[in-house]
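Here are my notes on the model, point by point. Please read them with the structure open.

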Amino acid sequence: MSLPDEPGLRALLVLALGGDNAAYADFLGHVGDRLRGYFRRRAAAFPDDVEDLVQETMLALHNQRHSYRPGEPVTPWLYAIARYKLIDLLRSRAARPTLVPLGDDNEEAAFMACPEPQVFEARRDLIALVASLPDRYRLPIAGVKIEGLSVAETA
């Protein structure tokens, strides 16, 4: 089944807004396919959330169908709603501080304070790997990348 072009989508939505349930079902089917592609490309880091994004966007489309102006193109209206749903997902997944400094001697407490164990483990492993390097490599990396010093301060 090929996806309809803009005039085809617009015609389906106008018919659906007029009460044609079959046109609405067709419209939603085509929109779902478009949204899956849209979210797969833009939310590649969250592949498990793509279908949830599609469903949330389709629910928002249903709830906001009265806001569509029949003379206007459908896809900008559709993707504007999808964009807001994607932004909501990205905000909910925004990077937060994951490690509370508790001192070097209390690794278990630091692990428990970290909401994402894999972040803690990655940091611990990185520190161990950097510590195994010779001083001429370790000191510049530790200064600039781990401690956040400038290159001049590290030098």
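1. Asp135 is partly exposed, because its relative accessible area is 46% (buried means under 20%, exposed over 50%, partly exposed in between, with a 1.4 Å probe and protein chains only). Arg138 is partly exposed as well, at 23%. The two side chains form a salt bridge, with N and O 2.1 Å apart (the rule: a side-chain nitrogen of Lys or Arg within 4 Å of a carboxyl oxygen of Asp or Glu). Both residues lie in helix α7, residues 135–146. They are three residues apart, about one turn of the helix. Helices here are DSSP runs of H or I with at least four residues, and strands are runs of E with at least two, numbered from the N terminus.

2. Ground rules. This is a predicted model, in which local features need pLDDT of at least 70 and side-chain atom pairs count only at pLDDT 80 or more, while totals for chains, interfaces and linings use all residues. Residues are numbered from 1 along each chain as its sequence is written, and side-chain values use heavy atoms, leaving out hydrogens and water.

3. How many salt bridges does the rule give? The count is three. Side chains of opposite charge can pair when their charged atoms come close. Asp33 and Arg36 form one of the bridges, with their closest N and O atoms 3.7 Å apart. These two residues are three apart in helix α2, and so about one helical turn separates them. Asp33 counts as partly exposed, at 34% relative accessibility.

4. Arg36 also bridges to Glu51, at 3.0 Å from N to O. This pair links distant parts of the chain: Arg36 is in helix α2 and Glu51 in helix α3, 15 residues apart. Glu51 counts as partly exposed, at 35% relative accessibility.

5. Helix α1 covers residues 6–17, and its 12 residues should span 16 Å at 1.5 Å a residue (expected span: 1.5 Å times one less than the number of residues). The end C-alpha atoms are 16 Å apart, in agreement. Which residues of α1 are buried? They are Glu6, Leu9, Leu12, Leu13 and Ala16. Seen down the axis, the buried residues of α1 fall within an arc of 130°, so they line one face of the helix (the arc is taken over directions from the helix axis to the C-beta atoms). They pack against α2 (21–42) and α4 (74–92). After α1 comes Gly19, with a positive phi near 105°.

6. Helix α3 has 14 residues. Its first and last C-alpha atoms are 20 Å apart, close to the 20 Å expected at 1.5 Å a residue. Its buried residues are Val50, Leu53, Val54, Thr57, Met58, Ala60 and Leu61. Down the axis of α3 they fall within an arc of 160°, so they line one face. Their cover includes α2 and α4.

7. Thr57 deserves a look. It lies in helix α3 and is buried, with a relative accessible area of 0%. Leaving out residues up to four places away in sequence, Thr57 touches Leu35, Phe39, Ile81, Ala82 and Lys85 (contact means heavy atoms within 4.5 Å).

8. The largest nonpolar core has 27 residues (a nonpolar core is a set of buried Ala, Val, Leu, Ile, Met, Phe, Trp, Tyr and Cys residues joined through side-chain atoms within 4.5 Å). Phe27, Val31, Leu35, Phe39, Leu61, Val74 and Trp77 touch the most other members. The elements giving two or more residues to this core are α1, α2, α3 (50–63) and α4.

9. Aromatic pairs: the whole structure has three (ring centres within 6.5 Å, using the six-membered ring of Trp alongside Phe and Tyr; planes under 30 degrees apart are stacked, over 60 edge-to-face, the rest tilted). Tyr38 and Phe39 have ring centres 5.2 Å apart and planes at 75°, so this pair is edge-to-face. Both residues are buried. Tyr68 and Trp77 make a tilted pair, 5.4 Å centre to centre with 55° between the planes. Tyr68 and Trp77 are buried too. Ring pairs also join Tyr38, Phe39 and Tyr79 into a cluster.
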